[in-house]
Amino acid sequence: MLELSIDLEALSVSRDQLPAMIEIGVVAFDRSRPADDCVVASFQRAIPFATATNCGSVDSDTLAFWEERGIKGGNDCLPGEKSGPLISLVQLSGFLELTLGRPMPELLNDKSIRWWAWGAEYDLRIIQGLSERVGLPMPIPYRGVRDARTYCTELADQFGIVLPKQDPATKHNALDDARHCARLVTGVTQSMEVIREMAESREVVA
C-alpha cells in the first residue's frame, strides 16, 4: 500500500492564523521496499510570495529566516514549477489521482490513506487549512494522519535504532524533506520488523 509524506515551507509558524505556504513537496512511498528506494512518485511546487500571502499570514522572524537564505520577496531560488496556491492544490489533486489510481471522489471517501509529516500538526494543518480556504478538499482523513517525528524518535530511543542524518544542503527544501521523512519511516518500520523477528526466534528457542 502506498503512503504519502508531505513537507511544506511557509512564511509563518503561527497557530492562530493560517501561514502562507511557499513550497510543497509530497512523495508516495512503499514501506515494503528498501528505505533508500522507497519513494515511487513525487510532487513539488513553489508558490510565489505575492500569491502565497493572499492566502496566509507572514511573521517577521520566519521572513528573516528565508531572507538569510537569499529569498527576499520572491522564491525563484526554490526548485520546482511555480504556481499559485489554488493551482498548486489542483495539480496536487491530479498527482494523487494518478499515483493512487483513483478519482478524487473515491479518494476523499477513503479513510485508509496515510499521510506522514515530520510534525503533522504543522504541515498537515496548513495544507488542510489552505484546501478549505480555496474550496478544494484534500483526502486527508483524520485517522490517516501520522506524525513521523513521534514515530521515528520514540522507537529509535526505545530500541536503539540509529536514524540517518539528512544532508544539511537539502534541508528546507520541501521535496527533499518529504523524501527524507519517507526514508526514516520506512527504515524504522523495517528495523522494528527485524527486532520482532529476533524476539520471536528467541521465544521459539526457549
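User: What makes E121 and R125 a salt bridge, and where do the two residues lie?

Analyst: In this predicted model, E121 and R125 both sit in helix α5, four residues apart, which is about one turn of the helix. Their closest N and O atoms are 3.2 Å apart, and a salt bridge is counted when a side-chain nitrogen of Lys or Arg is within 4 Å of a carboxyl oxygen of Asp or Glu, so the pair meets the rule. Salt bridges that share partners also join E3, R31 and R114 into one network.

User: Why are E121 and R125 called partly exposed?

Analyst: Buried requires under 20% relative accessible area and exposed requires over 50%; because E121 has 40% and R125 has 24%, each of them falls in between and is called partly exposed.

User: How do you know that the span of helix α5 agrees with its number of residues?

Analyst: At 1.5 Å a residue, the 15 residues of α5 (residues 120–134) should span 21 Å, and the C-alpha atoms at its ends are 21 Å apart, so the two values agree. The buried residues of α5, including A120, I126 and L130, pack against β1, β2, α3, β5 and β6, and just after the helix G135 takes a positive phi of about 75°.

User: What makes E3 and R114 a salt bridge, and are these residues buried or partly exposed?

Analyst: The N to O distance between their side chains is 3.8 Å, which is within the 4 Å limit, so the contact counts. This pair links distant parts of the chain, with E3 in strand β1 and R114 in the loop between α4 and β5, 111 residues apart. E3, at 4% relative accessible area, is buried because the value is under 20%, whereas R114, at 25%, counts as partly exposed.

User: Why is T62 called buried, and which residues does it touch?

Analyst: T62, in helix α2, has a relative accessible area of 11%, and because this is under 20% it is called buried. Not counting residues up to four places away in sequence, T62 touches A10, L11, S12 and V13; the C-alpha atoms of T62 and A10 are separated by 8.0 Å although the residues are 52 apart along the chain.

User: What makes the lining of the largest cavity nonpolar or polar by class?

Analyst: The lining has nine nonpolar residues, one polar and no charged ones.

Methods:
Residues numbered from 1 in each chain as written. Predicted model: local features only at pLDDT ≥ 70, side-chain atom pairs only at ≥ 80, totals over all residues. Heavy atoms only, no water. Nonpolar A, V, L, I, M, F, W, Y, C, P; charged D, E, K, R; others polar. Buried < 20%, exposed > 50% of the residue type's maximum accessible area, 1.4 Å probe, protein only. Contact = heavy atoms within 4.5 Å. Expected span 1.5 Å × (residues − 1).
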